[in-house]
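Please read the points below with the sequence and the 3D view open beside you, and check each one as you go.

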Amino acid sequence: MDELVPTFEAKVYARAARLYGDKLPEVVNNRIREEFGYAAASDADALMLFVRDTFQEAGLGTGNVSIRDNLGASFLAYLLEINGGINPLPPHYRCMRCRHLEFDVPGNIRVGTDLPLKNCPVCGKLLLGEGFDIDPWFFYGICRNKSPKFDFNVPSEKIDALRELREFKITRTGLTDYDDFHRPAMQMTDQLSRLADMTGIRPETIPVGNYPQTAAVIDALEKGGSFVGVYALMGNFVRMMLGRFKLRSFYDLARLIALNRIPRTWLGNGENLMKNGTLEQDELLACQEDAFEYLKTIGFDRRKAFRYVMKIISERKLSAGQRRELRLHGASEWFIYSCDRTPGFASISQSISTAIVAWRLLYYKYCVDKHAFYLSFLETANIAGDTREILEEGENSILDALGIVMKIDLGGYCGWDDEDKFALMVAKEMIEEGVMIPIYAVGRL
Ligand SMILES: [Zn+2]
């Protein structure tokens, strides 16, 4: 254990220097130092190193891992490349070629992925917009009695390689194993890994945000593009939300996923506040971090705001005392209304992580290769043997066969009242996109 601290710190600083230069800006250095303190107090440093080594051995990186819970709030985890590529610093521009940095960005822009495109003033390369601005407390807590959670979705072909990590995790932190609740997220990482093999394009090379090469994704989102083939977005609930909730940017996608995750944050809550003109979409409470930021705007300090949010989540509603205190501080009635109507809020980390995978899948769909996309979808949907037979037999029942495929593999998950209708919609899209026959042909091989 004595050797751990120097190794851990050296690895963190080495990576920080690679991204941010040898002389780290104050905001970067302060964040690292603050998190070192929390990590040492909670033993998270040992776990992070272990996860990093295990991931490296298994060939897992930022492109094929997604996270559950709040690991996206840890900048150390970002630097060690174990949090699916979520940078929790405030929004900033970073040049990948000459390491030019700009933290002085327009204040009305919440996250780096939404920053306007800009070329590096030093070398001319297009700057990367980074930073989701997440407080490290959402991962480490503030009381030192919270044990930080490490939980990942990885492609199923890698699970055996991670057996050791699972045992380590389970003995150390008593965490849950892979389960049905996370099945859609697991399927998405499987699909991403399959697409990387099929197209030769590695997921981590696909930038999330408004970049020229991913413009078609934004375009598809704005036009209410079809999310067929992307598990996290195929549900009926998302389809209904999109009547009012607009997808104009990557961060909108992450917020949509957060709203979709916890019941009654949108339905009978945020939706009403938008419908009656109280709030704009960007002002909605979509996640824990939104409530935290709001409380700071009414004068709560960081500690008090954080404790308040944790209390709202654990008690699942406001107490009379909390309501009184909020009004005393001049909190808006809509904030009280919104907190009263939901059993909690999602973590933005996890929603961003799911959104990154979803975004990259949409990139393959709209910018790379439609055939590969649909094929990867059907393959990772685990077509059962007897269904495959139907696919192989029928020359006159492609629609039926596909309907069965969809029914078996998506039944129950998507929340469609009429699963046949859903299957037909998928089939229709595949025909319209001209991919039905090639997929069918591959199914026969
Ligand atoms: Zn540059």
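**Notes on the fold and its helix packing**

1. Among contacts in the chain between residues at least 6 apart in sequence, 71% join residues that are at least 24 apart, where two residues are in contact if their C-beta atoms, placed from the backbone, lie within 7 Å. This is a predicted model, in which local features need pLDDT of at least 70 and side-chain atom pairs count only at pLDDT 80 or more, while totals for chains, interfaces and linings use all residues. Residues are numbered from 1 along each chain as its sequence is written.

2. The chain holds 21 helices and five strands; helices (H or I, at least four residues) and strands (E, at least two) are DSSP runs, numbered from the N terminus. Of its 445 residues, 42% count as buried, a residue being buried if 20 or more other C-beta atoms lie within 10 Å of its own, exposed if 12 or fewer, and partly exposed in between, with C-beta atoms placed from the backbone.

3. Two packed helices are described by the angle between their axes and the distance between the axes. Here, the axes of helix α8 (residues 215–222) and helix α16 (residues 348–368) come within 9 Å and cross at roughly 95 degrees, the axes being lines fitted to C-alpha atoms, for helices over the stretch in contact, and the angles running from 0 to 180 degrees between N-to-C directions. α8 and α16 are therefore roughly perpendicular to each other, since angles under 35 degrees count as roughly parallel, over 145 as roughly antiparallel, 65 to 115 as roughly perpendicular and the rest as oblique. Ala216, Val217 and Ala220 of α8 make this contact with Trp359, Leu362, Tyr363, Tyr366 and Cys367 of α16. By class, the contact of α8 with α16 has eight nonpolar, no polar and no charged residues; Ala, Val, Leu, Ile, Met, Phe, Trp, Tyr, Cys and Pro count as nonpolar, Asp, Glu, Lys and Arg as charged, and the others, Gly among them, as polar.

4. Helix α11 (residues 266–275) and α15 give a second pair, with axes that come within 8 Å and cross at roughly 155 degrees, so that α11 and α15 are roughly antiparallel to each other. The residues in this contact are Gly268, Asn269, Gly270 and Leu273 of α11 and Trp334, Ser338 and Arg341 of α15, which by class are two nonpolar, four polar and one charged.

5. Which residues of α13 are buried? They are Ala305, Phe306, Val309 and Ile312, and because they fall within an arc of 125 degrees when seen down the axis of α13, they line one face of the helix; the arc is that of the directions from the helix axis to the C-beta atoms. These buried residues pack against α5 (137–140), α12 (288–297) and α15 (333–341), whereas on the other side of α13, Arg303, Ser314 and Glu315 are exposed. Just after α13, Arg316 takes a positive phi of about 65 degrees.

6. Gly229, in the loop between α8 and α9 (236–241), counts as buried because 24 C-beta neighbours lie inside 10 Å. Leaving aside neighbours within four places in sequence, Gly229 is in contact with Lys365, Phe373, Tyr374 and Phe377. The C-alpha atoms of Gly229 and Leu378 are separated by 8.3 Å, although these residues are 149 residues apart along the chain.
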